[in-house]
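Thank you all for coming; I would like to walk you through one model this morning. Please have the sequence and the structure open while I talk.

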Amino acid sequence: MAVERTLSIIKPDAVAKNVIGQIYTRFESNGLKIVASRMKWLSQHEAEAFYAVHKERPFFKDLVKYMISGPVQIQVLEGENAIMKNRELMGATDPAKAEKGTIRAEFGKSIEANAVHGSDSPETAATEIAFFFPRMDIYSR
Ligand code: CMP
């Protein structure tokens, strides 16, 4: 299986709940290494640009408003099959539908305040990682 990198964001609801460490433990205990990490309070422009693929969706405006409501914790995760593995650990987008034991089932409040974001494909992962991290700030090991 290939070693991949994926972008993960711990969203404002989970940062406010003080569960960054608990979510990091999920990553680390499931074979994902945190190879870059930063906390950031996104501007409206940054949130709109990051979620540009959703700009025609009815929830776009509320999604952006929510994502700028507080700081987020952003990381690059590296490991075998990292993109799918992270999506399994996150669970379904809607926490009410997410499998028991997943990050969203445990820490998410609603489809919008769903604790975490994770890239959904190798192409998206490359674009999303480059959006937040220059190559020199990623420490592979
Ligand atoms: P995320 O993985 O960050 O990607 C886009 C986000 O839009 C998604 O998680 C949800 O938090 C949010 N969202 C809000 N409403 C919806 C919806 N009806 N369908 C899908 N995503 C939604």
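This is a predicted model: local features need pLDDT of at least 70, side-chain atom pairs count only at pLDDT 80 or more; totals for chains, interfaces and linings use all residues.

Which residues surround the ligand? They are K11, Y51, H54, F59, L63, T93, R104, I111, E112, N114 and H117, where a residue counts as near a molecule if one of its heavy atoms lies within 4 Å of it.

Residues are numbered from 1 along each chain as its sequence is written, and side-chain values use heavy atoms, with hydrogens and water left out.

Staying with the ligand, a polar side-chain atom of R104 lies 3.3 Å from one of its oxygen atoms, and an N or O atom in the side chain of N114 is 3.2 Å from a ligand oxygen. I111 contributes through its backbone, with an N or O atom 2.6 Å from an oxygen atom of the ligand. Taken alone, the ligand exposes 450 Å², and the protein buries 78% of that, with areas from the Shrake-Rupley method and a 1.4 Å probe.

Let me turn to the strands, which, like the helices, are DSSP runs numbered from the N terminus (helices are H or I, at least four residues; strands are E, at least two). β1 and β3 run antiparallel and are joined by eight bridges, and here L7 stands opposite V76 in β3. β1 also pairs with β4, residues 116-118, in the antiparallel sense over three bridges, with I9 opposite H117; pairing requires that DSSP finds at least two bridges between the strands.

Finally, consider Q73 in strand β3. Is Q73 buried or exposed? Q73 is buried, because its relative accessible area is 8%, and buried means under 20%, exposed over 50% and partly exposed in between, using a 1.4 Å probe and protein chains only. The side chains of Q73 and S37 are joined by a polar contact of 2.9 Å.

Notes:
A polar contact is a pair of N or O atoms within 3.5 Å; within protein, one must be able to donate a hydrogen and the other to accept it, and residues adjacent in sequence count only if both atoms are side-chain atoms.
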